[in-house]
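Here's a quick briefing for anyone opening this structure for the first time. Have a look at the model, then read on.

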Amino acid sequence: MVERTPVFNAICQAILLIGLLIVLLPFVIVIVASTHDIRTVNTVPMPLTPGGDLFVNLHEAWVRADLGRKLFNSFLFAGTVAAGKVLLSSMAAFGIVYFRFPGRMLLFWLIFITLMLPLEVRIVPTYAVAANALAPFQAILDITGVTWLIQTLSGIRVSLEWGLLNSYTGLILPLVSTATGTFLYRQFYLTVPDELAEAAKMDGSGPVRFFVDVLLPLSKPNMIALFTIMFVWAWNQYLWPLLITTDPKFGIAATQLKTLIPSEFGLPDWNVAMAGTLLIMSPPLIVVILLQRWFVRGLISTEK
Amino acid sequence: MEKRATFSSTTIGLLFVLPMLVLMFVFFYWPSGQALYWAFTLEQPWGGGNTWVGLQNFRQLLADPYYWGAIGRSLVFGLGSTTIAMGLALVLALFTDRELRGHKAYRSVFIWPYAIAAPALGLAFRFILAPEAGFLSLINQVWPGLWNPALDGKDAMIAVIVAFSWKYIGYNFIFFLSALQSIPRSLTEAAAMDGSGPLRRMWDIQLPLLTPTLFFLLVINITESFQDSFGIIDIMTQGGPARATELMVYKIYFDGFKGLDYSGAAAQSIILMLLVILLTIVQFRFIERRVHYK
Amino acid sequence: MSSIAIKGVRKAYAKNAVVHGVDLDIASGEFIVILGPSGCGKSTLLRMIAGLEEITGGEIWIDGKLVNKMEPRERGCAMVFQNYALYPHMTVAENIGYALKVAGVPKAERAARVAATAKVVGLEAFLDRRPAALSGGQRQRVAMGRAIVREPKVFLFDEPLSNLDAKLRVAMRAEIRRLHRRLGATSVFVTHDQTEAMTLGDRLIVMNGGRIEQVGTPAEVYNRPATRFVANFVGSPAMNLMEGEIDRHGIFTLDAARRIAIPNAIESRLVGHKVTLGVRAEAARLVAPEAPGALPATVDFVEELGAGRVVHTDLGGVSFAVAISDPVAPGTGEPVGILIDPADVHLFAQDDGRRIDLAAPQAALDPAA
């Protein structure tokens with residue numbers, strides 16, 4: 001479009017530049033701060049030209065926060081959670097969209113409603129369940145009298161126990177189910193032409209085959225988009241890992257940030273804190289930068 | 001939403017949905033039910049199960065000025081950060097959408113904040129906004145003692161709002177820009193033919209068409225301000241100083257895990273759940289009714 | 001080779017019936033075309049044969065076996081879809097070979113059969129391409145290949161040519177015909193395009209409103225349409241239809257100035273009844289207005305078709321088309337005469353629209369009253 005609005009364009013550019021400054025400054029400060037020594041980092045104002053202590057600080061943060069182990073755990077945790085979400089939601093959506101059975105809509109609503117039950121809100125009882133993931137089933141057996149029946153018949157007291165505290169399972173499993181992912185997949189399945197399923201039927205393939213041979217390969221873009229947003233989401237989880245992993249063996253990177261806060265009466269070694277922050281915030285940032293297209297696409301389709 | 005080509009096997013269909021359902025039952029429905037149960041009961045000090053106390057937990061809670069304080073602070077935090085994050089993101093998206101020089105770079109960079117974990121940016125902003133080091137400490141060199149989030153509750157609230165808003169600029173920007181790009185070019189072109197300039201078009205054409213997105217983001221931002229704020233608060237202020245930044249979720253966490261008051265925490269959970277449900281319903285009703293221009 | 005028997009087949013969605021009791025026998029190796037306007041139930045009928053649609057009532061037999069409860073894969077049918085339904089993530093070879101893979105055919109044999117099929121449909125050079133990299137005609141061939149490779153007993157075509165441009169459609173039509181001669185499998189082809197139907201089918205089934213209107217060879221359907229609907233639907237331009245009454249002298253009266261003598265229509269069941277009279281545009285002749293026996297009309301407009309012309313006239317308020325090959329057509333507004341040979345007249349009952357067959361014309365015509 002031909003349009004001559006030089007003044008307005010200049011104002012736009014100026015505001016965009018200010019925006020850029022607002023967005024980038026914190027990144028710059030974190031990076032620069034992690035290159036200074038402890039004296040420089042505490043001068044007011046801190047010089048914005050980088051110092052030479054980056055690797056010293058990274059090393060110090062690495063050791064202090066046990067980041068070797070913790071970053072590994074974070075990768076394992078975020079990768080598994082994201083993959084699990086992709087797998088489970090592709091399956092659940094398939095069941096809901098491609099099959100017609102009584103109660104199908106009920107299942108859909110059951111999944112839908114969990115959107116309104118965010119983890120932070122039900123954190124206390126969820127933690128209690130994690131202490132024994134089979135407690136719900138035990139309770140059902142107790143209430144329905146099955147426990148009593150088995151005990152009277154065989155003399156064995158049924159007692160289901162599966163503690164998830166301080167385990168990878170406990171870290172991962174409660175975060176795997178997802179309504180958002182199910183919707184995303186449902187949305188995608190609805191755009192797949194009906195004839196494709198019919199052609200597969202004519203070609204002699206049953207539902208499982210169709211799912212594996214046709215739907216999953218077709219959903220690759222969807223898969224990548226969902227994986228990307230869920231990886232970033234999982235990497236940035238804080239409250240659940242904080243609660244469930246008191247054993248440092250299973251701790252993840254995000255919760256280690258606390259150990260990097262300079263203590264009130266100790267050394268104000270912000271250079272080390274920022275170096276640690278840099279290490280911990282980088283993986284999801286890199287994912288977003290590299291896979292931006294997929295990340296944006298995944299996020300946008302959650303709006304529908 | 002119906003597919004014409006459906007498979008008829010109920011068993012296989014159910015099996016596909018089952019893993020998700022089991023997880024949701026164990027980690028969503030059971031705990032939510034548990035919360036409901038705890039909210040209406042009290043644990044006996046010496047064991048022996050819970051006793052039914054009706055609404056007593058809620059009554060206690062609603063009589064507790066600290067709880068009302070947490071609600072008030074959550075409102076201030078939610079509305080403050082939402083306004084800042086959405087306002088800035090909207091302006092940036094509107095201007096980026098004009099595709100001036102460098103718009104590709106802007107489009108990419110403005111998304112970055114959303115990639116950062118709440119606690120990580122909490123730590124970063126704790127340094128940036130520290131009273132004795134970092135950057136805002138400059139103020140204290142001119143007017144000593146003017147800025148101290150560690151001691152002054154107001155300053156602490158400002159600090160956490162700034163940190164949270166910064167992250168959600170990225171989130172809101174993504175949605176605003178994509179909504180702007182989905183407005184047919186022909187509409188802005190028609191407006192240009194009608195003689196309206198770029199600013200006028202933003203006001204007359206683009207903003208009205210953004211209403212659905214605006215509303216969607218409003219609800220999401222407020223809901224997220226309940227949830228995603230935890231990491232920031234825990235790293236930056238731990239609810240302090242003197243509860244000045246103790247939001248609802250932080251109070252649940254604190255009462256439940258530090259104070260071991262399960263019933264109180266459960267009652268708070270239920271109230272928060274109702275709030276989230278209310279917001280979600282409002283969102284769906286609104287989006288369904290008001291926002292379809294087609 | 002197989003035959004298909006359809007007995008009283010009905011289809012209803014909830015209370016809404018789309019196919020009302022269809023009876024049909026298809027012989028082994030026959031090429032059947034189901035023709036009808038959109039929404040007439042033709043695709044539904046085809047999909048019921050394929051097993052993609054549940055049958056509400058009646059029976060479908062393929063090759064002597066009742067298939068009502070059989071799944072598509074057990075029926076031995078192959079289908080070509082309107083939008084081809086190619087698997088977008090598979091190459092041409094994988095698309096063609098998928099049914100064999102599902103059936104567990106060993107890899108080597110699969111490759112051989114895919115190669116042979118590709119040769120039949122002329123796709124040898126494109127086996128490694130994805131559907132997105134193919135032209136419309138090539139995609140169509142893949143869809144055909146996918147059906148052929150299984151050597152099915154029955155081929156089902158659901159308007160497979162409607163997404164192609166006109167020229168390609170003619171070429172593919174010839175190709176389908178050639179393939180059918182070569183493979184000889186029973187084929188059922190659904191279309192709303194009458195030219196396609198005429199050129200392809202051994203027999204046509206004309207459907208309307210969920211019912212069969214007529215079954216017959218293309219020539220039969222064209223020359224002796226069984227109902228008013230078929231008369232109007234088959235043939236281009238559509239048959240001229242006029243409503244009027246036949247008096248006891250066998251004269252059809254449109255209005256005072258326009259009467260057509262149909263001597264062999266002096267039958268008790270006709271005389272005094274309202275009927276619809278049909279004349280094909282190709283059967284009527286354009287003559288001078290004053291010619292004996294000509295019905296007076298005025299020219300509305302002339303449609304130029306290249307090889308011939310269709311003159312649309314106003315015949316006392318009824319529009320009437322006449323096809324002529326004469327390069328000189330009368331101008332708009334000119335008075336003309338239309339000559340109709342009683343032997344070319346089709347009569348349909350007013351109430352149910354069924355064809356009224358007249359006795360063979362008598363040797364000596366009664367003098368018109």
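Predicted model: local features only at pLDDT ≥ 70, side-chain atom pairs only at ≥ 80, totals over all residues.

**A sheet in chain C**
- Strand 1 (residues 4–13) and strand 4 (residues 57–62) of chain C pair in the antiparallel sense, with five bridges between them.
- Step back and you'll see an open sheet of four strands in chain C, ordered 2-1-4-5, with antiparallel pairing.
- Which strands stand at the edges of this sheet? They are strand 2 (16–26) and strand 5 (65–66) of chain C; each has a single partner strand, so one side of each is left without a neighbour in the sheet.

**Chain C as a whole**
- Chain C has eight helices and 21 strands in its secondary structure.
- Its C-alpha trace spans about 80 × 45 × 40 Å along the principal axes.
- Chain C has 369 residues, and 40% of them count as buried.
- Take the contacts in chain C between residues at least 6 apart in sequence: 65% of them join residues at least 24 apart.

- You'll find C:Val336 in strand 19 (residues 335–339) of chain C.
- Why does C:Val336 count as buried? The cut-off is 20 or more other C-beta atoms within 10 Å, and C:Val336 counts as buried because it has 21 C-beta neighbours inside 10 Å.
- Leaving aside residues up to four places away in sequence, C:Val336 touches C:Leu286, C:Pro289, C:Ala297, C:Val299, C:Thr313 and C:Pro330.
- Go 100 residues along the chain and you reach C:Ser236, whose C-alpha atom is separated from that of C:Val336 by 22 Å.

**Chain B**
- Chain B has twelve helices and two strands.
- Reading from the N terminus, the elements of chain B go α-β-β-α-α-α-α-α-α-α-α-α-α-α.
- The C-alpha atoms of chain B fill a box of roughly 80 × 75 × 30 Å, taken along the principal axes.
- How much of chain B is made up of buried residues? The share is 45% of its 294 residues.
- For contacts in chain B between residues at least 6 apart in sequence, 68% link residues at least 24 apart.

**Where chains A and B touch**
- Chain B puts 89 residues into the contact, and chain A puts in 90 residues.
- On the side of chain B that touches chain A, the most comes from helix 1 (residues 10–39) of chain B, which gives 21 residues.
- By class, that side of chain B holds 67 nonpolar, 18 polar and four charged residues.

**The two domains of chain A**
- Chain A is divided into domain 1 (1–64 + 261–293) and domain 2 (79–248).
- How far apart do the C-alpha centres of domain 1 and domain 2 of chain A lie? They are 38 Å apart.
- Where domain 1 and domain 2 of chain A meet, five residues of domain 1 are in contact with five residues of domain 2.
- The side of domain 1 of chain A that touches domain 2 of chain A has five nonpolar residues, with no polar and no charged ones.

Key:
Residues numbered from 1 in each chain as written. Chains lettered and ligands numbered in written order. Contact = placed C-beta atoms within 7 Å. Nonpolar A, V, L, I, M, F, W, Y, C, P; charged D, E, K, R; others polar. Domains from an automatic or database assignment. Buried ≥ 20, exposed ≤ 12 C-beta atoms within 10 Å, placed from the backbone. Pairing = 2+ DSSP bridges.
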